[in-house]
Amino acid sequence: MMNGAALYLVTGAIVSVAYFLVPGFEGNGVVFGLVGLSAAAAIVVGALRNRPRRRLPWMLFAAAQVSFVVGDLFYYALDAEFPSVGDVFYLAVYPLLVAGLLMLVRSRSAGRDRGSLLDASIITVGLGLLAWVFLIEPYTHLEGLATIDRVLSMAYPLMDVLLLAVAARLAIGSGTRPLSFYLISVGIVSLLATDSVYGYMLLHNGYGQGGLLDAGWLVYYLLWGTAALLPNMRRIEERATGRGPSLTGRRLLPLAAATLIAPAVGIIQSIQDTDAALSVSAVASAVLFLLVLSRMTGLVKSLRHSIDDEHRAVFREGVLRRAAVALGGAPDRDVVDRVTLEAASALTADAGRVEVDVALRPAQGGSGPQSGPMPTPGGPWTLQVPIATHAADHGSIWVSGPERPAPALLAALEALGAQAAVALDRAALADDLLRRRSDERMSAIVQQASDVIIVLDADLVIRHQTASQSRFLHYEAAAITGVPFIDLVHPDDVPVAVAFLSALAARAGLRPETEFRFRSADGRWVTIDALGNNLLADPRVMGIVVTMRDATKRRALEEGLRLQVHELTELDRIKTDLVTTVSHELRTPLTTVVGHVEMLGDGEFGTLADEQVWAVKAIERNCHRLLTLIEDMLTLAKIENGGLGLDIVATDVPALLADVATAGAALSTPKGLAMSFDVAPDFPAVLADRSALERALLNLVSNAIKFTPDGGSVAVRVGWDQTNAIFSVRDTGIGMSADDRERLFTRFFRSPTAMSMAIPGTGLGLAIVKKIIDDHHGTIRVDSVPGAGTTVQFTIPLVPATTPRAATLVTAGPRRRLA
């Protein structure tokens, strides 16, 4: 919108210049009217786009511009004679402007502003007197005018005076003053000045259209249109946040000028009237007024200085009060330093170009503020305000600037320094008290600790021990003080203790924990863990600190745990041997049973009835389940006894998947599942044990088939990246929860869903898959959503290639699909 306002103003200025200089445009009433209508349009657009709190004043301003243009239409387009209907539109401009301005004045004022009203009245009366003398009164004596002509001629300057009164009230009153405010103000001045000159010309020389006087009305149009287009036009209605208008020199000057208008007019009339004597009283009244005004100006300045000093005093009091609160809760010197610097900066903020620093170091000087040396005439003034009490000198507040600070500021800085000093004393006392309490607490903790702390001198003689030694060494207080430490060590452990103590004495710092036996008061040998720290160089200790802990219970616990581990290991071995033996013993007869059952089913022992066929198939199905369970248990036993014994060779993946597809078809066909195997025919070979990898894939495929409802699908897909083949088995089955995924590869784990739906299984298949993948140095992960299926993905290393492959999963190109 700012760019739109500038564009409007520049365009209007160009058209206005053309109105005076370009042939065809020069003095053209249509061009003049279009500029006026553009102002009305700009005001309406600005009010709609900028959305001021009240739009009505701006609509009245737009109506005033339109009324002005309609009046021009009657006189300069229709050649109407004075008086005419055009005068009604001309005169309507002023009530419309006055109404809109009064609404703005009301919005900007917090209440009654008697001072601003009186000031506006003074200016209005003064300038109204000029209008009366030079523009209105002559019409009362002008002969040959009809009554209506005389009344209308006098109405124009009277309307200007009315607009002047409201504009003066707006300008002098309170409220924000954005750029739009100043544009409107200059526009009003341009309108009133142009109207006054126009009225004077009508009385004396007459007016001709297209003259330079038209520039005043054009400026009025353009400034009001530009003001409405600026976004800050919304702020004209806002009230000022600071203090209300005060009697400043800039405000006194127009008031004085307006007050002198009356005697000035009297003097001018006396000079112009050669028959009248010069009015001495008028001159005397003007001189006396100027003298009284000068005196009042001095009083006003003095009053303002006093008010400003009071405001500064209140501000400094607030700064010191807030600083006192902050310093009262300051926990350390850093906080005191920061708070003091912030407060000193706030106190000197209105003192000009002043630099402030806080140095918490001993101040140089006495107890009061001292001015530092001035290196050159007119150079900076340096002030040192001590941060000190009677008991301690903590530092200084340094202030430097172009001139010496005022006494009130010096007093405030002194008070701040005293507050900071008290805060520093309080912080020091708090630190000392906290340290004492901490020392007492630590001493109590050390004395009551279960560990024994012994302090040795440089000769490894005991100089101090804590009272806790009585708990497991049972010595009386100070009974072993002065005894060489080595004398209390078991003779068999002396070499260990000597090495420990020699290393301690040789260099400052901690030494690793060492175990040896130490004699107690009753002659028993107590196994201890000893930890040393050489603090001979520390003036607070000046000794070697040995911390000892009774290791008897720890040794007993470790021995108990070792025995339990041994027993559990032996039990696990026995269990594994039993499972292996039983599985081997079961597999041979069960294989025989399966063979004979298959022969029964094939009719080699005679034709079977339908019921017999059903029974034989049930026996065969469950025998195969038992064989699978036995094979899984034997595989786990093999894993626990040293691994699978994999035969890692280059393995053809497409051929492997073809075998898995054949085995999977037998399981998926009864359930009507859609099986798909997707692999590129030129798929690179992998480093794998073919049998183990086939078993892992078959376990995953059979698992997916078991957990997928009838009519679902199972898809096996293989791709590769730079180093690994990536196998993926995806089904549309029942899925699983996050808790089930965490335990999926645990031996004998079966999910609650599988058990509730009576889905057969041993809980060993996925554990075997995980072990096979791990032994191939691959990785495996599971993604599943309950009710939306499961995807199991694992990697197997590729056979190293002579040329590097792109590290992108291959999915494009001709692929072998097995279903």
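Ser400 is partly exposed, with a relative accessible area of 21%; partly exposed falls between buried (under 20% relative accessible area) and exposed (over 50%), found with a 1.4 Å probe on protein chains only. Ser400 sits in strand 4 (residues 393–401). This is a predicted model, in which local features need pLDDT of at least 70 and side-chain atom pairs count only at pLDDT 80 or more, while totals for chains, interfaces and linings use all residues. Residues are numbered from 1 along each chain as its sequence is written, and side-chain values use heavy atoms, with hydrogens and water left out.

**Ser400 and its surroundings**

- Beyond its neighbours within four places in sequence, Ser400 is in contact with Arg353, Val354, Glu355, Trp381 and Thr382; contact means heavy atoms within 4.5 Å.
- Ser400 and Gln384 are 16 residues apart along the chain, and their C-alpha atoms are separated by 8.8 Å.

**The whole protein**

- The protein has 21 helices and 17 strands; these are DSSP runs numbered from the N terminus, with helices being H or I of at least four residues and strands being E of at least two.
- Of the 819 residues in the protein, 38% are buried.
- Take the contacts with a separation of 6 or more: 67% of them join residues 24 or more positions apart.

**Helix 8 on its own**

- Helix 8 (residues 214–229) has 16 residues, which should span 22 Å at 1.5 Å a residue, and this agrees with the 23 Å between its end C-alpha atoms. The expected span is 1.5 Å times one less than the number of residues.
- Because 14 of its 16 residues are buried, helix 8 is largely enclosed by the rest of the structure.

**Helix 8 and helix 2**

- How are packed helices described? Two numbers do it: the angle between their axes and the distance between the axes.
- Helix 2 (residues 29–50) packs against helix 8 at an angle of about 15°, with the axes 7 Å apart. Axes are lines fitted to C-alpha atoms, for helices over the stretch in contact, and angles run from 0 to 180 degrees between N-to-C directions.
- That angle makes helix 2 roughly parallel to helix 8; angles under 35 degrees count as roughly parallel, over 145 as roughly antiparallel, 65 to 115 as roughly perpendicular and the rest as oblique.
- The crossing of helix 2 and helix 8 is left-handed, which is the term used if the near helix is turned anticlockwise from the far one by less than a right angle (clockwise would be right-handed).
- Residues of helix 2 in this contact include Phe32, Val35, Ala39 and Ile43, and those of helix 8 include Trp217, Leu218, Tyr221 and Leu222.
- By class, the contact of helix 2 with helix 8 has 13 nonpolar, four polar and one charged residues. Here Ala, Val, Leu, Ile, Met, Phe, Trp, Tyr, Cys and Pro count as nonpolar, Asp, Glu, Lys and Arg as charged, and the others, Gly among them, as polar.

**Helix 7 and its partners**

- Helix 7 (residues 179–204) and helix 6 (residues 147–172) have axes that come within 11 Å and cross at roughly 155°. They are therefore roughly antiparallel to each other.
- The crossing of helix 6 and helix 7 is left-handed. Among the residues making the contact are Leu163, Leu164 and Ala167 of helix 6 and Phe181, Ile188 and Leu191 of helix 7.
- Nine nonpolar, one polar and two charged residues form the contact of helix 6 with helix 7.
- With helix 8, the axis of helix 7 comes within 8 Å and crosses at roughly 160°, so helix 7 and helix 8 are roughly antiparallel.
- The crossing of helix 7 and helix 8 is left-handed. Its contact includes Leu183, Ile184 and Tyr198 of helix 7 and Trp217, Tyr220 and Trp224 of helix 8.

**Loops to look at**

- Leu460 has a positive phi of about 65° although it is not a glycine, and Leu460 lies in the loop between strand 5 (452–456) and strand 6 (462–465).
- His777 also has a positive phi, of about 60°, and is not a glycine. At 71% relative accessibility, His777 counts as exposed.
- Asp602, in the loop between helix 15 (552–601) and helix 16 (610–640), is exposed with a relative accessible area of 61%.
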